[in-house]
Amino acid sequence: LPTVGQNDSYAPLTSPTDEEATFSISKRGGTETVTLEMMANDDVGAMRRIPLRLGRAAAQTLYRTVFDFIKDNTVLSFTDDTTALFTAGHANLGTAALNPDSLDAALTRMKIQTAYNTSTEPLGLVPRFLLHPPDLWRTVDKLVNSKNGEPFTTDNDNNPFLQLKLQPIEIYYWTDTNNWYLVANPSDIPTMEVGFFEGNEDPEIFVSDQENISNSSMFSADKITYKIRHIYGVGVLDYRGFDGSTVS
């Protein structure tokens, strides 16, 4: 803010420009059929668990969709930026394995990220989450939680990473054993958004099981048909809240 002198009028501020992030929704779902013979010959309890398992499948699909966006270094959909999420041009890409030095370097990269359309206004972002594959859990635990000196050294200095209160998130299905990522607190900067069609966050499950309705699968073929539908889109709102280390 500029200084306002005594008796002077307040001058208009320079309105910042903005960038628009866009993404499209996709429809996900399918059907599962149970025949009359299956109901007669199998445990009815197993049939009753079908809707529950469909719901869990929808939850896992959403989970993977979000974290695949990071793992696959997806191309952004900004009005003026259609490069990958992690690039040298975004100053948010590292190549070193996870250790105190590489974590410190990633922290610095995120802290000195500058606001949109300026190179002189550092945002001072601090990461909130550390995303990692299962293979790195011991390394992550030492870095994040060690209270007996600086991690991976014989020094008695305090662990400098404790003050960050980083929250590790282990992505169980990631198969790359070395790559790791930092994500800022979404309350400090927009990170990623999941947009649900008409606000329906939960998947919809439909059942065709009426024998007295001519277009029902139960009427035509003695089958109960379940249909699950989940419609949403995922997009990154600002790359500055992300830092990724792709280790060769």
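**Exercise 1.** Classify Thr-31: buried or exposed?

*Solution.* Take the cut-offs: buried is under 20% relative accessible area, exposed is over 50%, partly exposed is in between (1.4 Å probe, protein chains only). Thr-31 has 58% relative accessibility, so Thr-31 counts as exposed. Helices (H or I, at least four residues) and strands (E, at least two) are DSSP runs, numbered from the N terminus.

The model is predicted: local features need pLDDT of at least 70, side-chain atom pairs count only at pLDDT 80 or more, and totals for chains, interfaces and linings use all residues. Residues are numbered from 1 along each chain as its sequence is written, and side-chain values use heavy atoms, with hydrogens and water left out.

**Exercise 2.** Classify His-132 and list some of its contacts.

*Solution.* His-132 has 3% relative accessibility, so His-132 counts as buried. Contact means heavy atoms within 4.5 Å. Leave out residues up to four places away in sequence; His-132 then touches residues including Trp-137, Pro-168 and Trp-174.

**Exercise 3.** Which residue forms a salt bridge with Asp-243?

*Solution.* Apply the criterion: a side-chain nitrogen of Lys or Arg within 4 Å of a carboxyl oxygen of Asp or Glu. Arg-109 qualifies, with the closest N and O atoms 2.7 Å apart. The pair links distant parts of the chain: Asp-243 is in strand β9 (residues 242-245), Arg-109 in helix α4 (residues 100-111), 134 residues apart. Asp-243 is buried, at 1% relative accessible area.

**Exercise 4.** How many salt bridges does the structure hold?

*Solution.* The structure holds six. Glu-19, Asp-238 and Arg-240 are linked in a network of salt bridges.
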